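Me: I would like to learn how to read helices and their packing in a model. Please take me through some cases.

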Amino acid sequence: MTMSFFEQLQAATAQERDALFCVPVIREALAGQVSLEGYRAFLAQAYHHVRHTVPLMMACGARLPSRLEWLRGAVCEYIEEEYGHERWILDDIAACGGDAEAVSRSRPSLPIELMVAYLYDLIARGNPVGLFGMVNVLEGTSIALATQAAGTIRESLGLPADAFSYLSSHGALDVDHMATYRRLMDRLDDEDDQQAVIHAAKVVYRLYADMFRGLPRAGEVRHASR
C-alpha cells in the first residue's frame with residue numbers, strides 16, 4: 001500500500017524525531033520533572049521562535065506560486081490563529097515569577113537563532129513550502145509536551161494555571177492543527193515541494209533538540225542549590 005506524503009514525512013524524519021525525544025530534559029519533562037528555572041528557560045526560547053511564526057508565514061504565503069493557491073489560503077487561516085501568541089508566553093513568564101520584559105529584550109539561544117535564520121533564508125532563497133517542515137516539528141512537539149507534561153509540571157512546581165496558558169492551549173489547538181496539516185501535506189504532489197518539507201523538518205528537529213539540550217535540568221538545578 002502506498003504511503004501518503006504525511007506518512008512518508010513521518011517515516012523520513014523518524015530518526016530525528018526520536019533523537020529529539022531522547023534528549024534528557026524532554027524525557028524528564030514528560031515525566032513531570034522540571035525545575036522552575038528550566039520551565040522559564042523553555043518559555044524564553046519559545047518566545048524567541050514563536051514571535052517569528054506569523055512573519056515567517058506571511059513571507060511564505062507571499063512567495064508561494066499560483067499553483068499552490070490552495071495552500072496560500074491555508075497559510076492565511078494559520079496566520080489568523082497564531083497572531084499574538086508570543087504575548088501569551090510573556091504572560092506565562094510573568095505568572096511564574098520571571099522577567100518578561102527582560103526576555104523580550106534578550107537574544108535567543110544559538111540553536112533558535114540559527115533555526116529562525118534558516119527558515120527566513122529557506123523562504124527567500126529556497127522553496128517556501130519547506131516552512132511546513134517547521135510546522136510538523138514544532139506542533140508535534142508541543143502536542144506531546146502539552147498533553148503529556150503540562151499538568152504534571154504545573155503540579156510539581158505548584159504554579160497557577162495562568163502560568164501555562166501557552167502550553168496548555170496549544171495541546172488542543174495543535175491537535176486540531178495537525179489534523180488540518182495532515183490533509184494539506186497529503187495534497188502536496190510535487191516532488192521538490194515534498195523534499196523541501198522533509199529536509200526542513202530534519203534541520204528543525206536537529207536545532208530544536210540542541211535548544212532543549214541547552215536548558216537547565218531539574219537534577220542539575222537541585223544539585224547546584226545544595
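Predicted model: local features only at pLDDT ≥ 70, side-chain atom pairs only at ≥ 80, totals over all residues.

Reply: Residues are numbered from 1 along each chain as its sequence is written, and side-chain values use heavy atoms, with hydrogens and water left out.

Me: How is a pair of packed helices described, and at what angle do the axes of α2 and α13 cross?

Reply: Two packed helices are described by the angle between their axes and the distance between the axes. Helices here are DSSP runs (H or I, at least four residues), numbered from the N terminus. Axes are lines fitted to C-alpha atoms, for helices over the stretch in contact, with angles from 0 to 180 degrees between N-to-C directions. The axes of α2 (residues 14-21) and α13 (residues 191-213) cross at roughly 10° and come within 9 Å. That makes α2 roughly parallel to α13 (angles under 35 degrees).

Me: Which residues of α2 and α13 meet?

Reply: Contact means heavy atoms within 4.5 Å. From α2, Glu16, Arg17, Ala19 and Leu20 meet Lys202, Tyr205, Tyr208, Ala209, Phe212 and Arg213 of α13. The residues of this contact divide into 6 nonpolar, no polar and 4 charged. Ala, Val, Leu, Ile, Met, Phe, Trp, Tyr, Cys and Pro count as nonpolar, Asp, Glu, Lys and Arg as charged, and the others, Gly among them, as polar.

Me: What span should the 23 residues of α13 have?

Reply: The expected span of a helix is 1.5 Å times one less than its number of residues. For α13 that gives 33 Å, and the end C-alpha atoms are 33 Å apart, which agrees. At the start of α13, a side-chain oxygen of Asp190 reaches to within 3.0 Å of the backbone nitrogen of Asp192.

Me: Is Asp192 buried or exposed?

Reply: Buried means under 20% relative accessible area, exposed over 50%, and partly exposed in between (1.4 Å probe, protein chains only). Asp192 counts as exposed because its relative accessibility is 56%.

Me: How many residues of α4 are buried?

Reply: α4 is mostly covered, with 11 of its 15 residues buried. Among them are Phe42, Leu43 and His49. His49, in α4 (residues 36-50), is buried because its relative accessible area is 6%. Leaving aside neighbours within four places in sequence, His49 is in contact with Ile112, Met115, Val116, Leu138 and Tyr208.

Note on methods:
Helix = DSSP H or I, 4+ residues; strand = E, 2+ residues; numbered from the N terminus. Parallel < 35°, antiparallel > 145°, perpendicular 65-115°, else oblique. Polar contact = N/O pair within 3.5 Å; in protein donor to acceptor, adjacent residues only side chain to side chain.
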